[in-house]
Amino acid sequence: MPDAALYLTILIALPFVGSVIAAFFPTNARNAEAWLAGTVSLTNLVITIMFLPSVRNAKVVRAEYEWLPDYGLNFIARLDGFAWCFSILIFGIGFLVVLYARYYMSPADPAPRFFSFLLAFMGAMTGVVLAGNLIQLVFFWELTSLFSFLLIAYWHHNQNARDGARVALTVTAAGGLCLLGGMLIIGHIVGSYDLDVVLASGDRIVSHALYLPTLLLVAMGALTKSAQFPFQFWLPRAMAAPTPVSAYLHSATMVKAGVFLLARLWPVMSNHEYWFWIFASVGVLTLLIGAFMALFQQDLKGLLAYSTISHLGLITLLLGLGSPLAMVAAVFHIINHATFKASLFMAAGIIDHEAGTRDVRRLGGLFRAMPITATLAMVAAASMAGVPLLNGFISKEMFFTETIESHGNSVLDNNLPYLATLAGMFSVAYSVRLIDQVFFGPAATDLPRKPHDPVIWMLVPIGLLVLICLLIGILPGPTVGGFLATAVQGVLGPQLPSYSLAVWHGFTPALIMSFVALIGGVVTYFTLKTYLSGNIEGAPVLRRLKGKRIFERAIVILSWRWARRIADIVGTTRLQPQLRLLLLIAMLAALWPLSAGALASGALALDVDWPFAVDPSFVLLWIVGCGCALGAAYQAKYHRLAAVIIMGGAGLATCITFAWLSAPDLALTQLLVEIVTTVLLLLGLRWLPQRLEDTGVRISFGARLRRLRDLGIAIVGGAGLAAIAYAVMTRPQINSISSTFLERAYSEGGGRNVVNVILVDFRGFDTLGEITVLGIVAITVFALLRRFRPARVSVEAPRQKRFQNQFDADRYDAPKAGIAAHYMIVPGLIMRLLFPVVAMMAVFLFMRGHDAPGGGFVAGLTFAIAFILQYMAGGARWVEARLRVLPVRWIGVGLLVAAATGLAALVFDRPFLTSAFQYADLPVLGRVPLASALVFDFGVFSLVLGATVLVLIALAHQSIRIYRAMAAAKAAETDAIEEAR
Amino acid sequence: MAPLFPAFSVVLPEFILAAGALVLVLIGAIRGERSNGLVSALAVALIAAAGIAVAFQGGERAEAFGGSFVVDNFARFMKMLALIGSAAALLLARDFFQRAKLDRFEYPILVVLATLGMMMMISANDLIALYLGLELQSLAIYVIAAFDRDNARSSEAGLKYFVLGALSSGMLLYGSSLVYGFTGTVAFPGIAAAVAGGHGGTGLIFGLVFIAAGLAFKISAVPFHMWTPDVYEGAPSPVTAFMASAPKAAAMALLVRVFVGAFPDIIGQWRQIIVFVAIASMVLGAFAAIGQRNIKRLMAYSSISHMGYALVGLAAGTANGVQGVLIYLALYLAMTLGTFACIIAMRRESGQVETIDDLAGLSNSQPVLAFLFAMLLFSLAGIPPLAGFFAKLYVFGAAIEAKLYGLAVIGVLASVVGAFYYLRIIKLMYFDEPKAGAYQPMAPEVRFVLGVSSVVVILFWLAPASIVAAASAAAKSLF
């Protein structure tokens, strides 16, 4: 065939194109839609038939396009005999369904939606059977689930349709995801996703260690799709779909995708015990359950649905047996089932359409009213029952033969013939019931409509299918022989097992089984007839085992109870437990490397030599420090003021430790930072409630326990951190830069205080950047606090504070008296007197900074403390009335000075920020180092001072602003009252 | 003469953002609230300019600042994702904030700054740069999470995120200092060399664990996920959209770069962590999402499980695995932005609605929105032919290639559970009776974001090669 690739592409693309076009037709364009869909399916059917010569004798046609090339994934359309046979079914039955649907759908139903979905489904199904690689197969597989969902829910005003669609989608799409996992593993085992490579891989998959998980995942996909036990429940629920959909999806195509997949992978996966056990047992269970349940259905379509389940079980069983002959029987039955079941569904649709009900008990005697429909349906039903001279009989006989063949000496295998006969009996029984109760017996009297045969075009599709049933049944060899051979060769390769397609094989055991089933079925039906006509819904015993009910119950339990419980257990919305969890998990995570061998090997060297003899006073200091830390944590919730101050104690212990371990510079800086932060924290406390109201209440035992637990967590966590930190710090330093600094500090920077030299000289550029940032931060804080207002939802001011505010506001204009007078008079006085002393201290620290602990940063902080003390002692008004503090200028000057020092170096043709140093003998002060870095350091000093004070002022002014605001509010109120007067 | 600032061309995109953000601050400060529209538009333009700058950087590897900042294909790919996410977040926000009376010029600036932080994270090649970028990004996001500051939930979200984030940053720093202490360097290549040389031992693993914990917090992977639902729910929706998209990509990039760049020789150690975290995230995300009633909480759990899927690729630790992560993130970005555009569109006369039940019957009132939303959800569920399927395909494929079968199978099963709750929403939209009237019309920018992301999600299968090839080149630059 010329240009096979193009035609293959058309096969897949045409339905999708048609679907898009169909979506844009007007709502009531039933004829146009049907013409379009019919043309599409007929064109594809013709193309497929033309492919016959190219696929005979196990030949394969391929068309390949680049898709995800670097992933080794190409879009491959691949047609072999098996896919060809399925394509014929898809397009042939598709065409008949379109024709039927044209007359089935009422003018009120929106036609574009239906035909568009139907065509898209056709395309997806074609994609599945023509898929040339595994991923592409999954891709289209899920598409069929999606479109079937949309088709089932076509009448979405119907609650059943919605539920049915959802269940179908949930089950099949979930199965598809499992299938994806299975396909990925197969691709990994084989090394390619290309179907031809996979099929040529021989026993590699079966002998691989991952065979079982692969098989299970693939089975999940196939069994859900083909509605096999225990997933069979979605199919009867999907019967809420319009009948053409059921005829197409639930007889010929979609549900067949599962068995299609099994047959596709059969050559490479079936040669294992697991395959037999999984699919043979699932198949036989489904076969029996489906047939049994079908007999007790009162809904005509429900009966057909269970019958479909049962027949799919039969095919699964055949595929599970793993013998080539069983494979032939399976393919043959796929074809036969498609023909008779599609026609039966269409007939059921006509009956529903014409009689207005599908309840088997209400129907009856329809043979007189609609003889043609009845005849056709009866033939199809007889084929379903396996009556000789019809196609169902031949494939069923092949099935019976296969069950007798021994495949392995197991319980299942030995009992198969009996189980098969039993299922066949039920199958006959429900077929007879369908014929007898619908078409014969007393004519129904209470039908919603008066039934009669429909227009001829609705009967043509059924007629054609039934004709095929008859032709195959009477002359199997000439009619279907070549077709079947082509299909089976697609799976088994050119060497076919010997089988004979004939009606008469002599008195074989299979024939006997057929007759036992036929007679037993008829007897069963007539025995149960009265019972069946009674008021029963569903099969006895099994009625209780409702897959749907179980599914929904599982969903409820999974989706609400368990999910909620999980959410309750692991997900808390409270911050405290979240923090606790986070900490605990981090601690557990830290334990993990320990457990991973460190404990055994002792790699984490904690047994380092103590670098100093432990002095009792040092230990005491640390006990005090730890006590302070614990106290701060204890008080944090109840008495923040105390907590902040105690925390200062812990900080102090740290400072002394630094000094103890010969890091005076660090100690000094830490001390000052400690002081400044404590003061700023104290200032910030004003926006928090002073203390919890219920401190006096006896704390419950549980709360105590909780706190103890938290204490334990904190101690363990802290100790762990300390241990690791200690382990790191006592390790020998690897290529550290500090030795370089130590060596060069005096020779190149002219200072003995290495830290200071690093700051102002070696890393002067960094420091410049840092002080710039500090300045920006201070100004930002100031700017933010100027506009600061506590969020409305934040804590309301506590009672005492409200009282105080009220008091202050009332007294705002009054003379300074009451609590303001003599308040903190002694400490205030001391603090005022301290101002020059602290200032002197700052200058001292600044000057000595180059050689001894001190420097611009420390001096700046010290000076800031002098100001802070004044603010604390006198309050913002008092200080600002007497002192002009211009922090922004300090910041500006600092920055300019620092930058200018750096630039000055450029004048001397040195790089930016190069420093020079010299000693000078000054009066009073004595010999003083005068490095240009000192000027730079002054910049640092000035900026740190300015920044700290600026933040402080911003905080301090909050207090004033509140009173101003209150006064303003009060004034406005007074004005309003006066105006009202 | 050597250029004054040789690194300039390398950091041009970052420079554009940094300088631009400062200019925007000035504009905002000088013109006040009148400048909101202008600042917003300029911020988008800035991000676009940075995107162009990224696009025009050559494909070769370039370093700056003594090797602490690196630009390679990986960085460029991830930066593009971060920039796209940020731009979309800005577009989604404008109309929303105007209606909520939250329109302030600070929001775009903070988003730009967060983006700058992300770009630095993505390019970070040592622990210091990593931390700087991470904190810049996080600080900005802490603030915007609490942007609706008169709203208790929003304030709580910001505060909670801040407290827990600070804790996690602490862990990260702690881990970094341990790694430094045991390897003697902060540069990733140096660490890799030290690790290969056998330095470190258990102390190094300690550091690794803490770094992993800190980063896992940022991508909200289980067991560091607790903040996610609360913060997602509390923050204003556009902020949530932002948090769910760009920062996730950036943090994931960081995770990849740290593990693949600095610890390639002890993959056996960190793979255990990643596998555990991935499994926990996928499973918990899938199950916990089922019980949610608020769509934003649901998306929070959904994002948790999606990060789990992405981590599956990282667990593979191969170039293909990283490529899977990149593709996953790119497609997840599109899906999540589209989904949040839909969530932002959920506004009635009475205001914004957020419960899943409010989506009932959407297909009747707004068929187009319902269709796109459904497609996005199907994609999130990983159902072909939508983009989410390919995302999963790549990561699971890589995991199987790396012989992590158990991980892949658990991932597949978790996605089956996950599919369930997405399908529930679709069922609700299509088949349930509407409770209240239709939503108000969407703002044009929201429409735009939804449109573009839907096109990516729905039509990805037609031309997957473009993203896949870029991701492949990006992944190869790490190996």
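This briefing walks through some helices, a charged patch and a few backbone features of the structure above. The model is predicted, so to speak of local features a pLDDT of at least 70 is needed, side-chain atom pairs count only at pLDDT 80 or more, and totals for chains, interfaces and linings use all residues. Residues are numbered from 1 along each chain as its sequence is written, chains are lettered from A and ligands numbered from 1 in the order in which they are written, and side-chain values use heavy atoms, with hydrogens and water left out.

**Helices of chain A**

Helices (H or I, at least four residues) and strands (E, at least two) are DSSP runs, numbered from the N terminus.

- Helix H28 of chain A covers residues 664-684, and its 21 residues should span 30 Å at 1.5 Å a residue, which agrees with the 30 Å between its end C-alpha atoms; the expected span is 1.5 Å times one less than the number of residues.
- The buried residues of H28(A) include Asp665(A), Leu668(A), Leu672(A), Glu674(A) and Val679(A), where buried means under 20% relative accessible area, exposed over 50% and partly exposed in between (1.4 Å probe, protein chains only).
- Ala643(A) sits in helix H27 (residues 640-660) of chain A and is buried, because its relative accessibility is 8%.
- Thr527(A), in helix H23 (residues 509-533) of chain A, counts as exposed because its relative accessibility is 56%.

**A patch of positive charge**

- Arg574(A), Lys637(A), Arg704(A), Arg706(A) and Arg707(A) form a surface patch of positive charge.
- Such patches take residues with over 30% relative accessible area and no salt bridge, like charges being joined within 9 Å; a salt bridge is a side-chain nitrogen of Lys or Arg within 4 Å of a carboxyl oxygen of Asp or Glu.
- Arg704(A) belongs to helix H29 (residues 701-729) of chain A and is partly exposed, at 43% relative accessible area.

**Backbone features in loops**

- Most residues other than glycine have a negative phi, and most peptide bonds are trans.
- The Phe229(A) to Pro230(A) peptide bond is cis, with omega near 5 degrees, and Pro230(A) is in the loop between helices H10 (211-225) and H11 (234-237) of chain A.
- In chain B, the bond from Val222(B) to Pro223(B) is cis, with omega near 5 degrees; Pro223(B) lies between helix H8 (202-218) and helix H9 (227-234), in a loop.
- Leu389(A) has a positive phi, near 75 degrees, and is partly exposed at 44% relative accessibility.
- Phe65(B) has a positive phi near 55 degrees, in the loop between strands E1 (62-64) and E2 (69-71) of chain B.

Technical notes. Patches are made of residues with over 30% relative accessible area and no salt bridge: like charges are joined within 9 Å, nonpolar side chains (Val, Leu, Ile, Met, Phe, Trp, Tyr) within 5 Å. Accessible areas come from the Shrake-Rupley method with a 1.4 Å probe; for residues, only the protein chains shown count as cover. Lys and Arg count as positive and Asp and Glu as negative; His and the chain ends are not counted. The place of a charge is taken as NZ of Lys, CZ of Arg, CG of Asp or CD of Glu.
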